Amino acid sequence: VIIKDAEKYQKAHKRKSIWYRVLSVLSAITVFCTTYALILPAITMEDPSPGIKLDNVFVYEDEEVLINFHVSGRALFVNEYLDDGNSSANDVELSVKKLPESDYAYGEYLEYMDSSLDDDCLYTLTAFQLSFTHNGAVLDTKNCTVKAEISPKDSIKEVVNETPLIDTKQESEAGGTLIFSSLDSSSDEDDKVIAFSALQGTGSDISEQDTVFIQANTSESLPMITTLVEGDTLAVASYSAANPSFTVQYYTSLSVFDTYTKAEYNNMTSAQKAMCLPLIDTSGGKLPTNTTTTTSTNDIIYVRLVDNGTKNANGLPEYTLAKHTQLMPMYTDKTFEYIKAPDIMYFDKLYSNGNFALTKILVLKSGVDPSKAKDSDWTEYPADATFTNNPSSAIAGKRIYIEDGAVIRLIHTPTTGSYTNSATFFDYDITDGYIYTIESTSATYRRNTSKQTNSATWFANTAESGINKFSAESGNAKFSFGNSNTGVTARTATWNGYYINQYNRSSTYSGCAFGMVTGLSSNGLPVFANGITAPDLFSTKSVNGKTVFNNYSLQFIQQGDTYTLAYVNGAGSYADNLQLFSNPQSKYSHIFTNNFWPMDAANTWGADGHDLVFGSEQYENNRRFISTLEDDTFPPGDDGLDHNSYFGMTYSLEFEISDDYEGPLEYIFYGDDDMWVFLDEQLVCDIGGVHSSVGEYVNLWDYIDKGTAGKHTLTFFYTERGASGSTCYMQFTLPSVSIQSSQYETTSLNIEKEVQNSDTNTAFDFDVTFTDKDGVPLINTYVYTVYNADASIADNGIIENSTTRFKLSHGQYIVVDYLPIGAKYTVNEAVTPGFFTVNTVNGGSKTEGNSITGTLGDTTEKVLFINITSAQLPSTGGRGMALFFIPLLVAVIYAFSLPIIRKKLSVRRQE
Amino acid sequence: MSTKELNTSKEIPSSEQLEDELIRVKYKQRYRKLLKNSVYALLVVAAISVLIATLLLPVLEIHGNSMSPTLENGDIVLSIKTSALKRGDICCLYYNNHILVKRVIGLQGDVVNMDENGNVYVNGELLDEPYIVEKSIGDCDIAFPYTVPEQTVFVLGDNRDTSVDSRNSQLGAIALDELVGKIVFRVWPFASFGTIR
């Protein structure tokens with residue numbers, strides 16, 4: 001029985017072993033199959049394109065030319081079965097074959113040359129056929145960029161130079177090059193040039209890709225030309241061509257004041273006269289004097305005010321000075337040779353001047369004397385027209401044929417912008433810095449100026465106080481502020497018999513006192529005439545009764561080279577729209593002012609130690625002065641409002657003129673009180689004294705020699721000494737004012753969108769915001785243009801209030817031009833589900849994120865936003881791990897815990 | 001005599017018959033139990049292999065030659081799931097619903113530079129790259145030197161001439177989030193069986 005049982009167990013053990021082996025094999029197979037099923041495909045990502053990637057330079061040379069072919073891109077095998085995927089770019093060869101004249105492609109180039117050149121033009125033509133091969137297999141390079149740098153040898157030039165001039169067309173052959181020659185009608189060899197051209201295209205699409213010129217019969221070598229080779233042929237041609245000389249006239253269509261002579265003024269109706277402002281005409285360098293300039297002289301011209309169609313804050317009409325457009329020469333005419341100036345950019349002096357834009361080109365008809373030309377003698381072309389010395393290449397309305405002696409008139413129109421110039425302002429006090437409760441200067445009644453209220457009557461001590469508190473040299477007239485109506489002691493001061501501190505009643509023009517300053521001191525301050533003692537008015541030194549303000553600037557409206565004062569930056573509404581006039585009140589219809597009260601914005605008036613404000617008609621009796629001369633109320637303002645009177649201003653600007661500039665160079669002022677302007681150190685504008693508004697016209701050409709280039713400085717000194725009213729209208733026309741805004745002082749922002757690995761139709765939302773360097777939003781309006789990938793325009797618009805929204809799809813980009821250098825920008829892209837975004841600036845490193853901020857430099861800022869589809873589990877991973885993970889985990893746990901459970905159950909059963 | 005005959009004849013079975021019947025029933029039970037256990041075991045083995053292959057050691061089959069000669073087309077490799085990579089590691093990463101295999105060249109903050117001859121400099125030092133057969137600037141449209149952005153790595157293929165990698169702006173630097181793991185072992189072909197460096 002024991003043996004029997006042993007055999008039984010042995011059998012069972014064998015069976016068990018077999019089962020275990022089977023199970024092990026099955027497990028191994030299961031593991032293998034399962035794992036193999038789970039193998040993920042991993043790609044190494046290589047350039048999958050067929051063919052050969054080229055970035056090679058091939059050199060071709062013969063007796064006439066040396067050509068470097070720069071080839072980049074992927075060349076394909078014409079017979080794709082020859083592409084084994086491992087072809088090396090080093091095995092690629094370029095074969096260049098000169099085409100015989102019998103070749104069809106050569107014939108097409110020949111036909112082009114015949115049709116584009118004059119019959120009497122000599123030329124050589126060589127055409128090449130290019131073919132790329134790899135170990136004999138022909139490659140298709142249509143997807144490659146083939147750039148040819150063609151360096152001609154002197155033999156080509158000599159062929160043209162030395163070819164005999166005969167009257168019939170003949171052919172000769174030199175290494176595949178045909179030379180055609182015929183009678184050259186140009187007997188003047190100086191006018192002849194040699195042109196060297198690269199030709200490309202087929203049939204009617206053949207065109208000259210690049211052309212260079214040199215003077216014929218010179219030792220100069222022809223320079224290299226470059227062209228992109230589009231097809232499999234390339235031709236080079238050299239030919240004799242005309243080198244016409246032509247004259248360019250530079251004209252601008254300027255807006256100039258309507259001016260009237262004294263005689264014309266006298267013929268006006270009284271209503272017309274009422275709208276005229278007189279200007280002292282200093283033309284000829286004649287500055288006004290106290291004895292010669294009166295209302296009866298002919299040195300007065302008039303400008304006219306017209307309704308601007310707007311109203312000021314008080315609801316009164318605003319007026320502007322009447323203007324008309326006048327075509328004026330800006331530079332002396334200049335003659336050019338075509339080969340040295342073949343396009344507008346070479347001969348338009350204003351090409352890069354942002355203050356003017358070329359609007360049209362006029363060409364004088366052949367044979368017409370320019371000095372006698374009528375409008376009908378000019379042929380008009382658009383500003384983007386091009387030029388040719390070949391009559392056959394001329395295209396009506398597009399490409400202008402320039403013949404020898406041609407006269408071209410360039411017509412520009414001014415562009416509008418703004419110009420800011422720093423200025424220093426001075427607030428002058430004429431009181432002792434206190435107010436008094438009664439008509440007494442006793443300390444008992446003295447109060448700080450800040451105690452002033454409208455409801456109470458206050459007195460100010462104007463006797464020898466503030467800026468007027470100084471002693472004049474013995475026998476000198478004391479220059480002071482306060483007019484005749486504030487109790488100032490020096491109000492009656494006279495210099496050579498002329499009142500200098502109040503309306504000069506000595507029969508001078510409009511109460512002015514001319515000649516009070518004579519020049520500039522070494523430190524750039526006005527020098528007063530002998531007999532006048534003035535305080536330090538315009539320096540930044542500390543002087544009693546003077547407060548210096550450096551935080552203001554003048555903003556001019558720029559139109560072409562003409563600048564009109566419009567704002568005092570920092571003064572707000574107290575000095576704005578200064579280019580417009582209005583009546584101070586409707587009852588004063590004879591007074592025109594631009595309400596120049598910049599110091600109303602200063603923190604000095606009403607402050608302790610300074611003046612109180614006055615001028616209010618309503619509170620006139622509450623603002624009084626005390627002096628040794630008289631006690632009275634301060635004078636009311638023309639507009640019936642309180643103002644911080646008595647102030648000054650100085651600024652300077654530089655301009656540069658070239659020796660050929662002959663455009664306008666002038667300055668116009670209308671206002672009160674003192675206005676002294678120096679050109680370098682020469683006084684050119686003189687309106688001294690305390691008076692109502694007076695105008696003066698200055699032609700700066702009276703002081704500058706035409707034809708002399710140089711830099712000049714204009715220095716301006718202005719004071720308001722009389723209260724009641726204040727006007728300061730000024731305009732100057734100067735070329736090349738320093739700090740002028742031009743195209744080259746602005747920059748551009750380019751934002752481009754690229755979408756990778758996704759559909760290309762998705763439009764992504766952006767917004768862009770611009771601020772200045774301090775974070776203040778830009779106030780100007782800017783134009784933006786959205787371009788498609790092929791550079792066609794998709795959209796455009798304007799950016800107002802410093803921000804805008806726009807959309808970009810794959811390949812599109814937006815360009816914002818004329819942004820100030822140093823401005824900051826922030827571009828945000830709205831989050832689009834399914835994409836993550838990286839950005840890069842100017843091709844730099846990539847950063848993940850939907851927003852970027854930067855500062856604009858002096859070159860175009862290029863921002864690229866790349867959207868990439870968000871990574872997901874690979875396709876072999878199905879819908880995710882959760883579906884697998886949970887049941888598998890349960891199965892594993894069950895499997896491991898099953899023996900334990902069974903053991904426990906077995907124990908329980910045994911119990 | 002069959003059991004059926006026994007039942008129909010309603011005779012009392014002999015002890016031998018009962019013993020035979022007991023052996024048969026026990027065998028049947030053992031057979032079922034063994035079969036059940038075998039199925040369970042196979043299921044558990046399959047489950048474990050799935051979990052390991054997907055969570056710990058993904059198995060990858062290489063397609064393409066841009067990692068040549070380190071990895072050739074058709075190689076089957078094991079990778080370890082990790083994002084802790086160091087310079088020189090071969091990594092796999094997600095890209096547009098595919099898994100890419102490249103070599104880590106620059107870590108975040110590194111300044112990577114390449115010259116025209118294909119020499120790679122990291123933070124100014126020439127990288128020793130014995131795994132490369134021929135150096136090449138390859139398909140490159142980014143500006144060097146290139147600073148690897150935060151949370152990204154700069155990767156290159158070993159076959160520099162044909163590889164499309166971080167040198168191409170289409171791929172660029174790889175975000176750490178996109179990394180799958182590090183390739184450590186080759187299982188196929190058997191001739192190259194072993195660790196990969």
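This briefing describes selected charged, aromatic and backbone features of the structure shown above. The model is a predicted one. Over all chains, 25 salt bridges are counted, and the structure also holds 48 aromatic pairs. A positive surface patch draws on residues of both chain A and chain B, among them A:Lys11 and B:Arg30.

**Positive surface patch**

- The patch is formed by A:Lys4, A:Lys8, A:Lys11 and A:Arg15 together with B:Lys26 and B:Arg30.
- Two helices, α1 (2–37) of chain A and α2 (15–56) of chain B, each supply at least two residues of this positive patch, and the largest share, four residues, comes from α1(A).
- A:Lys11, which is found in helix α1 of chain A, has a relative accessible area of 58% and is therefore exposed, since the cut-off for that class is over 50%.

**Salt bridges**

- Side chains of opposite charge can pair when their charged atoms come close.
- The side chains of A:Lys349 and A:Asp660 meet in a salt bridge with an N to O distance of 2.5 Å.
- This pair links distant parts of the chain, 311 residues apart, with A:Lys349 in the loop between α6 (344–347) and β20 (356–364) of chain A and A:Asp660 in the loop between β41 and β42 of chain A.
- The two partners fall into separate accessibility classes, because A:Lys349 counts as partly exposed at 31% relative accessibility, whereas A:Asp660, at 10%, counts as buried.
- A salt bridge with an N to O distance of 3.2 Å is formed by the side chains of A:Glu617 and A:Lys587.
- Both A:Glu617 and A:Lys587 lie in the loop between β38 (562–569) and β39 (623–626) of chain A, so the pair ties together parts that are 30 residues apart in sequence.
- A:Glu617 has a relative accessibility of 31% and counts as partly exposed.
- In chain B, the closest N and O atoms of the salt bridge between B:Arg167 and B:Asp165 are 2.8 Å apart, and both of these residues are buried.
- A:Asp62, A:Glu63 and A:Lys98 are joined into one network by salt bridges that share partners.

**Aromatic pairs and cluster**

- Among the 48 aromatic pairs over all chains is that of A:Phe556 and A:Tyr651, whose ring centres are 6.1 Å apart and whose planes stand at 55°, so the pair is tilted.
- A:Phe556 belongs to strand β37 (residues 553–559) of chain A and A:Tyr651 to strand β41 (residues 647–657) of chain A, and the pair links these distant parts of the chain, 95 residues apart.
- Both A:Phe556 and A:Tyr651 are buried.
- The rings of A:Tyr787 and A:Tyr813 have their centres 5.2 Å apart and their planes at 20°, so this pair is stacked.
- Because A:Tyr787 lies in strand β50 (residues 782–787) of chain A and A:Tyr813 in strand β53 (residues 813–820) of chain A, the pair ties together parts that are 26 residues apart in sequence.
- A:Tyr787 counts as partly exposed at 23% relative accessibility, while A:Tyr813, at 19%, counts as buried, because buried means under 20%.
- One aromatic cluster is formed by A:Phe426, A:Tyr428, A:Phe479, A:Phe481, A:Phe528, A:Phe538, A:Trp676, A:Phe678 and A:Phe717.

**Backbone features in loops**

- The peptide bond from A:Asp672 to A:Asp673 is cis, with omega near 5°, and A:Asp673 lies in the loop between β42 (666–672) and β43 (675–679) of chain A.
- In chain B, a cis peptide bond with omega of about -5° joins B:Phe144 and B:Pro145, the latter residue, B:Pro145, being found in the loop between β7 (125–126) and β8 (146–147).
- A:Asn483 is not a glycine and yet has a positive phi of about 60°.
- The position of A:Asn483 is in the loop between β30 (477–478) and β31 (494–495) of chain A, and at 15% relative accessibility A:Asn483 counts as buried.
- A:Ser724, another residue other than glycine, has a positive phi near 65° and lies in the loop between β46 (710–720) and β47 (727–733) of chain A.

**A contact between sequence-distant residues**

- A:Ser393, in the loop between β22 (386–388) and β23 (399–401) of chain A, is buried with a relative accessible area of 14%.
- From C-alpha to C-alpha, A:Ser393 and A:Leu117 are 7.9 Å apart in space, although 276 residues separate them in sequence.

Key:
Residues are numbered from 1 along each chain as its sequence is written. Chains are lettered from A and ligands numbered from 1 in the order in which they are written. This is a predicted model: local features need pLDDT of at least 70, side-chain atom pairs count only at pLDDT 80 or more; totals for chains, interfaces and linings use all residues. Side-chain values use heavy atoms; hydrogens and water are left out. Patches are made of residues with over 30% relative accessible area and no salt bridge: like charges are joined within 9 Å, nonpolar side chains (Val, Leu, Ile, Met, Phe, Trp, Tyr) within 5 Å. Accessible areas come from the Shrake-Rupley method with a 1.4 Å probe; for residues, only the protein chains shown count as cover. A salt bridge is a side-chain nitrogen of Lys or Arg within 4 Å of a carboxyl oxygen of Asp or Glu. Lys and Arg count as positive and Asp and Glu as negative; His and the chain ends are not counted. The place of a charge is taken as NZ of Lys, CZ of Arg, CG of Asp or CD of Glu. Buried means under 20% relative accessible area, exposed over 50%, partly exposed in between (1.4 Å probe, protein chains only). Rings of Phe, Tyr and Trp (its six-membered ring) pair if their centres lie within 6.5 Å; planes under 30 degrees apart count as stacked, over 60 as edge-to-face and the rest as tilted.
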